[in-house]
Amino acid sequence: MAKQLCYEDVEVGIEVTPLTKIATTQMLVQWAGASGDRNPLHYDDDFVKSQGVGAPIVHGALKRAWLGQLVTDWIGEQGELRKLSCRYRGMDYPRKMKTMEEPQEGETWWCKGKVSKKYEDGGEHLVECEIWLENGKGEKTTTGAAVVTLPLRS
Amino acid sequence: MAEGSLITEELRKLIGVSGEPITYKVEEGAIQRYAEAIGDLNPLYHDVEYASKSKHGRLICPPGFNGWPIKGQIGALPGGASEMMGAFAKAGAPSRLLDGGIEFEFFIPIGAGDVLIATSKVADMTERETSMGKTMFITTEATFQKQNGDVALRSQATLICF
């Protein structure tokens, strides 16, 4: 495990340690099974077209889960996530598979964040962050916010 | 109702409607498979022995996973998710649906073996012109409680219909 992040380590404007992800069609199948979301928008070409969408898209909830990981990786086991929100602003399309294991060349996504506020309340040390997901073109396709508590160093 | 509004009288009647609570147990394997599907290797989600020695004493759920989130967020609506979607469609809602986003408020960690009671309701419907034309936004609220009544989590999700 990485070193525990403490309240004193954080200043407004600093970056949340970024996280990279590659969405693949295989991952979407796994996600559908694990999350229970069987919406054909994520795997059925004909249904996708009937919905006015170009190709099967990455589940919003998977993108949200990545942003959850971005935050929980950053705050460590002694930090606590209190609030998490996100809006799906743009569609993301998974890479197709080249082999059973390996995706084709293509986009890599970045989960990123920035500290927007830090304050004490009721004896707790709280930090607010803007968080977002960037696609391969650098466009923010999902944006959100998180509120966390962090321990004190001393 | 504004002229040409997407929110028909029938749809408006669904605002405020809650479903019967759903009670279910959070399974260890479900947590592990969900975390694996995210690609999140945090041992608190995977390693039973490691997690048992943590402050949580058991595997905990990644944020946003409540054991069976789809069921929890909209499945607890009247008649379950598919019937509720059918009711929206029957009441005249546009048939193209997208997930608009969600907000979570976490109060108590949820972990393996917990029994949760999920309740949800249709909180609101609004509409406006977007790049997709006339677009309707349905907000649902869900609450997940422990059996002793303590609220573990609240969420508010937005469904986009166009």
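Trainee: Which residue lies over the face of Tyr119(A)?
Mentor: This is a predicted model, and in it Lys117(A) lies over that face, at 4.8 Å from the ring centre of Tyr119(A). Likewise, Lys118(A) lies over the face of Tyr7(A), at 4.2 Å from the ring centre.

Trainee: Why is the pair of Trp31(A) and Tyr34(B) called tilted?
Mentor: The planes of Trp31(A) and Tyr34(B) stand at 50°. Stacked needs under 30 degrees and edge-to-face over 60, so the remaining label, tilted, applies. The centres of these two rings are 4.9 Å apart, and the cut-off for a pair is 6.5 Å.

Trainee: What makes this pair join two chains?
Mentor: Trp31(A) belongs to helix H1 of chain A, while Tyr34(B) belongs to helix H2 of chain B, so the pair joins two chains.

Trainee: Why does Tyr34(B) count as buried?
Mentor: Buried means under 20% relative accessible area, and Tyr34(B) has 0% relative accessibility, so it counts as buried. Trp31(A), at 1%, is buried too.

Trainee: And why is the pair of Phe104(B) and Phe106(B) stacked?
Mentor: Their planes are at 20°, and stacked asks for under 30 degrees. With the ring centres 5.6 Å apart, Phe104(B) and Phe106(B) therefore form a stacked pair.

Trainee: How do you know that H3(A) is mostly covered?
Mentor: Count its residues: 15 of the 16 in H3(A) are buried.

Terms used: Residues numbered from 1 in each chain as written. Chains lettered and ligands numbered in written order. Predicted model: local features only at pLDDT ≥ 70, side-chain atom pairs only at ≥ 80, totals over all residues. Heavy atoms only, no water. Buried < 20%, exposed > 50% of the residue type's maximum accessible area, 1.4 Å probe, protein only. Helix = DSSP H or I, 4+ residues; strand = E, 2+ residues; numbered from the N terminus. Phe/Tyr/Trp six-rings, centres within 6.5 Å; stacked < 30°, edge-to-face > 60°. Lys NZ or Arg CZ within 6 Å of the ring centre and 35° of its normal.
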